[in-house]
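Biologist: I would like to learn how to read a protein model. Can we go through it one feature at a time?

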Amino acid sequence: MTQLTVADTKEMFLYVADQLIDSKESLCEIDGRIGDGDHGFGIERGFQAIKQTISSKSYETINEIYKDIGMVMLRSMGGASGVIFSSMFLGVSPLPVFETLNTKSLFEMMRKGLEKVKGKGKAELGDKTMVDAFEPAVNALEQYLDTDLEVSLRHAVHAAEEGVNKTKEYMAKHGRAKFLYERSVGVQDAGATTVLLIFKAMYEYVSMK
Ligand code: ADP
Ligand code: MG
């Protein structure tokens, strides 16, 4: 059964950060097609700050890692997307303390993150936002709750990938792209792509473990 310790989980997020930092240009390019082309900059800034903060600290629980990631994203990314993306990691306070990352604990934390994202941004499935990748990924974790972390994450990645592809068909209802109306159809959403890359990097780390 693949499961990660607190130290492994920190290492996983350092790996995730490196992958997202490397995706800066492609995320800006995707955002530039219907947005203002800055999404990769915000994400790069956020994940550089995450690296800096978490690499020098030692953690007792996974909840603390999540909280640090969320707070650092909120502070460093700024703006509306800082609020949205940090919320992915900021729902953990009411949860029990986790010292192991497995499918169940990951699902609990991500489900709370999804609730927080939807509470802040008011986006629903089909609105052409990061929710279109995040919600299917969380649902996939729930569906594979009793399976190995590597397996459930693989399903979550597939679900997020499908979600990103579907965003091409949707008309944007939030963010800058909503002013483009039907011109936003045909282009994938940048934030949904970021969610896919986060899950993909988590899966890669776990499968290399
Ligand atoms: P900005 O729109 O301020 O330029 P970014 O380019 O960093 O911010 O992020 C844009 C992404 O944010 C979009 O691709 C979308 O996925 C996500 N987003 C925008 N508004 C919302 C919202 N209300 N709820 C969820 N995600 C959103
Ligand atoms: Mg933008």
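Modeller: We will take the metal site, the core, a helix pair and some loop residues in turn. Keep in mind that this is a predicted model.

Biologist: Let us start with the metal. Which protein donors does the magnesium ion (ligand 2) have?

Modeller: Look for atoms that lie within 2.8 Å of the metal. Here D31, D36 and D38 each donate through OD. They lie 2.0 to 2.3 Å from the magnesium ion (ligand 2). Now read along the chain. The donors follow the spacing D-x4-D-x1-D.

Biologist: Is D31 buried or exposed?

Modeller: Under 20% relative accessible area counts as buried. D31 has 12%, so D31 is buried. D36 has 38%, so D36 is partly exposed.

Biologist: On to the core. What is the general idea?

Modeller: In soluble globular proteins, nonpolar side chains tend to be buried together. In this model the largest nonpolar core has 65 residues. F13, F47, F134 and F199 have the most contacts inside it.

Biologist: Which helices supply at least two residues of this core each?

Modeller: They are α1 (6–22), α3 (39–55), α4 (62–77), α5 (79–87), α6 (103–121), α7 (131–143), α8 (149–167) and α9 (190–208). α9 gives the most, with 11 residues. There is also a second, separate core of five residues. That one includes I34, A172, A177 and L180.

Biologist: Now a helix pair. How do I describe the packing of α1 and α9?

Modeller: Start with the angle and the distance between axes. α1 and α9 pack at an angle of about 130°, with their axes 9 Å apart. Angles over 145 degrees would be roughly antiparallel, and 65 to 115 would be roughly perpendicular. This pair is therefore oblique. The crossing of α1 and α9 is right-handed.

Biologist: Which residues make the contact?

Modeller: From α1, they include F13, V16 and L20. From α9, they include I198, A201 and Y205.

Biologist: What about α5? Which of its residues are buried?

Modeller: The buried residues of α5 are G82, I84, F85, S86 and S87. They pack against α3, α4, α6 and α9.

Biologist: What sits in the loop between α4 and α5?

Modeller: G78 lies there. G78 is partly exposed, with a relative accessible area of 29%. Next, compare chain and space. G78 and G42 are 36 residues apart along the chain, yet their C-alpha atoms are separated by 7.9 Å.

Biologist: Last topic: backbone angles. What should I look for?

Modeller: Most residues other than glycine have a negative phi. K122 has a phi near 60°, and K128 has one near 65°.

Biologist: Where are K122 and K128 found?

Modeller: K122 is in the loop between α6 and α7. K128 lies in the loop between α6 and α7 too. K122 is exposed, with a relative accessible area of 60%. K128 is buried, at 2%.

Methods: Residues are numbered from 1 along each chain as its sequence is written. Chains are lettered from A and ligands numbered from 1 in the order in which they are written. This is a predicted model: local features need pLDDT of at least 70, side-chain atom pairs count only at pLDDT 80 or more; totals for chains, interfaces and linings use all residues. Side-chain values use heavy atoms; hydrogens and water are left out. Donors are N, O and S atoms within 2.8 Å of the metal (3.2 Å for Na, K and Ca); water is not among the atoms, so sites may look incomplete. Buried means under 20% relative accessible area, exposed over 50%, partly exposed in between (1.4 Å probe, protein chains only). A nonpolar core is a set of buried Ala, Val, Leu, Ile, Met, Phe, Trp, Tyr and Cys residues joined through side-chain atoms within 4.5 Å. Helices (H or I, at least four residues) and strands (E, at least two) are DSSP runs, numbered from the N terminus. Axes are lines fitted to C-alpha atoms, for helices over the stretch in contact, and angles run from 0 to 180 degrees between N-to-C directions. Angles under 35 degrees count as roughly parallel, over 145 as roughly antiparallel, 65 to 115 as roughly perpendicular and the rest as oblique. A crossing is left-handed if the near helix is turned anticlockwise from the far one by less than a right angle, and right-handed if clockwise. Contact means heavy atoms within 4.5 Å.
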